[in-house]
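I opened the model and kept notes as I went. The entries below follow the order in which I looked things up.

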Amino acid sequence: MDNMNNSLPERDGFASKFGIIAAAAGSAIGLGNIWKFPYITGIYGGAAFIIVYLACIAIIGTPVMLSEFTIGRRAQKNAIGSFKKLSPNTPWFITGWMGFLAAFSILSFYGVVAGWTLDYIVKAATNSFAGADADAIAGMFGGLISQTWTPIFWQVVFMALTAGVVLGGIKKGIEKYAKILMPLLLVIIIILDIRAVTLKGAMEGLSFLFKPDFSELTGVSVLEALGQAFFSLSLGMGAIITYGSYVNKHDNLSNTAGEVTIADTLIAILAGIAIFPAVFALGIDHDQGPGLVFVTLPEVFQAMPGGFIFSVLFFTLLVVAAITSSISLLEVVVAYFVEEQKMIRRDATIIATALISIFGMICSLSLSSSVKIEFFGKNFFDWLEFVSSNILLPLGGLCIALFVGWKLGKQKVLKELSNEYTINAPFYHVFIFLVKYIAPIAIAIVFLNGIGVLKYILMIFK
Ligand code: PHE
């Protein structure tokens with residue numbers, strides 16, 4: 001394959017506008033939208049939480065996404081190489097390294113959760129939920145994750161699928177599959193939405209999602225919304241920098257960032273519409289936390305007319321969403337190996353997949369009943385999740401916003417947004433203001449909260 005040949009001068013990249021949107025939206029839309037967004041919305045009070053989430057997306061998410069696209073396309077390099085190229089001989093490249101580390105850690109545990117969803121497709125397709133009561137279904141989930149080999153088997157299968165796509169390169173791998181999988185995802189979620197809203201009693205679930213009760217809102221839920229905005233948009237760790245480096249020079253970056261953000265947000269809301277009306281209609285608790293998708297939903301499906309087919313579709317949806325995200329995580333690591341370590345794509349993909357899979361296995365084992373890997377009361381899985389989501393992403397996002405706002409230089413930013421002054425960049429000034437001041441301050445608050453320092457700072461001001 002020509003794009004595996006490292007000696008070719010031509011750098012692989014996206015071939016079409018739709019390919020860029022599909023791939024970047026594919027990165028953003030993932031387990032974060034369909035698994036995490038609904039369950040935290042359930043916990044933090046529904047509509048009011050969603051409004052805060054939307055504000056975070058608009059004020060912080062979109063500018064940081066545009067910053068990442070700008071850095072990547074300007075530099076035409078992987079996450080680490082981009083900072084080295086745009087700001088040589090400065091410590092800014094550490095931002096790229098944090099992204100590399102975050103991609104590595106997130107994919108380790110992401111692959112494990114995605115593996116569970118593969119197992120759940122089989123469970124759904126073999127009608128395993130039929131007739132099972134709530135306890136039995138909860139037992140199935142606990143049973144799966146506490147086993148030693150089954151979750152590892154599925155994790156490895158999932159990682160192999162991811163690697164298979166990344167091996168093909170950008171046009172013939174990432175773009176090609178994103179263009180098939182993203183429309184498929186949209187079709188499945190719309191079918192599930194129609195099923196959910198036509199259930200008797202669906203209204204209660206819809207008003208939970210769309211009628212805000214601001215009395216439910218707390219400082220914690222605001223910060224949670226901001227953190228979720230980051231994770232869901234794939235920000236703060238170089239995935240969008242890497243994809244940005246494959247965007248051609250004629251594409252309008254501001255529009256792309258806007259469209260990807262809208263797509264990601266829409267799918268999160270559509271996932272909520274697929275889940276809550278059904279959960280409320282069947283009288284099941286809506287605030288069950290991370291088990292919402294693996295425990296509550298199978299309960300919902302087995303009580304719902306046509307539940308068998310909808311459960312198969314739902315878990316397929318999760319796998320499709322997960323794989324287009326994990327592809328972007330793996331690409332962060334592979335692009336670094338190829339460009340900075342001069343490996344050929346095939347070797348880079350195999351080595352990256354193997355290393356990440358080994359970490360993933362340790363994650364999976366840390367949940368199993370046979371092996372307990374705990375440090376300071378947290379297992380390895382929770383550690384990786386904690387360090388990546390609460391430390392690396394906010395810190396990375398902060399550095400990225402600061403880099404574009406203060407370091408890169410206004411002219412370079414304007415050049416990138418206006419394609420060398422050939423198109424209008426009407427939001428340029430707003431963008432610079434957000435990225436210079438608003439985003440960094442807001443992100444700093446999330447970060448300080450994430451590491452548990454904010455409460456002490458607030459105490460000083462009391
Ligand atoms: N955005 C993905 C999701 O919502 C997760 C992800 C995070 C992917 C960071 C790439 C980078 O599931």
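**Notebook: charges, fold and selected residues**

I began with the charges. The mean positions of the 29 positive and 28 negative charges of the protein lie 11 Å apart. I counted Lys and Arg as positive and Asp and Glu as negative, leaving out His and the chain ends. Each charge was placed at NZ of Lys, CZ of Arg, CG of Asp or CD of Glu.

Before going on, I noted the ground rules. This is a predicted model, so local features need pLDDT of at least 70 and side-chain atom pairs count only at pLDDT 80 or more, while totals for chains, interfaces and linings use all residues. Residues are numbered from 1 along each chain as its sequence is written, and side-chain values use heavy atoms, without hydrogens and water.

**Overall fold**

I found 19 helices and two strands in the protein. These are DSSP runs numbered from the N terminus: helices are H or I with at least four residues, strands are E with at least two. The C-alpha atoms fill a box of roughly 60 × 55 × 45 Å along the principal axes.

Of the 462 residues, 58% count as buried. Buried means under 20% relative accessible area, exposed over 50%, and partly exposed in between, with a 1.4 Å probe and protein chains only. The protein exposes about 18100 Å², and carbon and sulfur atoms supply 68% of that area. The areas come from the Shrake-Rupley method with a 1.4 Å probe.

I looked at contacts (heavy atoms within 4.5 Å). Among those between residues at least 6 apart in sequence, 81% join residues at least 24 apart.

Where does Asp251 sit? I found Asp251 in the loop between helix H11 (239-244) and helix H12 (253-281). Asp251 counts as buried because its relative accessibility is 7%. Its side chain makes a polar contact with the side chain of Thr256 at 2.5 Å. A polar contact is a pair of N or O atoms within 3.5 Å; within protein, one must be able to donate a hydrogen and the other to accept it, and residues adjacent in sequence count only if both atoms are side-chain atoms.

Leaving out residues up to four places away in sequence, Asp251 touches Lys17, Ile20, Arg73, Thr256 and Asn419. I followed the last of these. Asn419 is in the loop between helix H17 (410-417) and helix H18 (428-450). Asn419 is buried, at 8% relative accessibility. Its phi is positive, about 45°, although Asn419 is not a glycine. Most residues other than glycine have a negative phi.

**Asn89**

Asn89 also has a positive phi, near 55°. Asn89 lies in the loop between helix H4 (79-86) and helix H5 (93-125). Buried or exposed? Asn89 is exposed, with a relative accessible area of 82%.

Gly42 is in helix H2 (residues 31-43). At 4% relative accessibility, I logged Gly42 as buried. Gly42 touches Phe208, Phe276, His286 and Asp287, residues up to four places away in sequence not counted.

Trp149 belongs to helix H7 (residues 149-167). Trp149 is exposed, at 66% relative accessible area.
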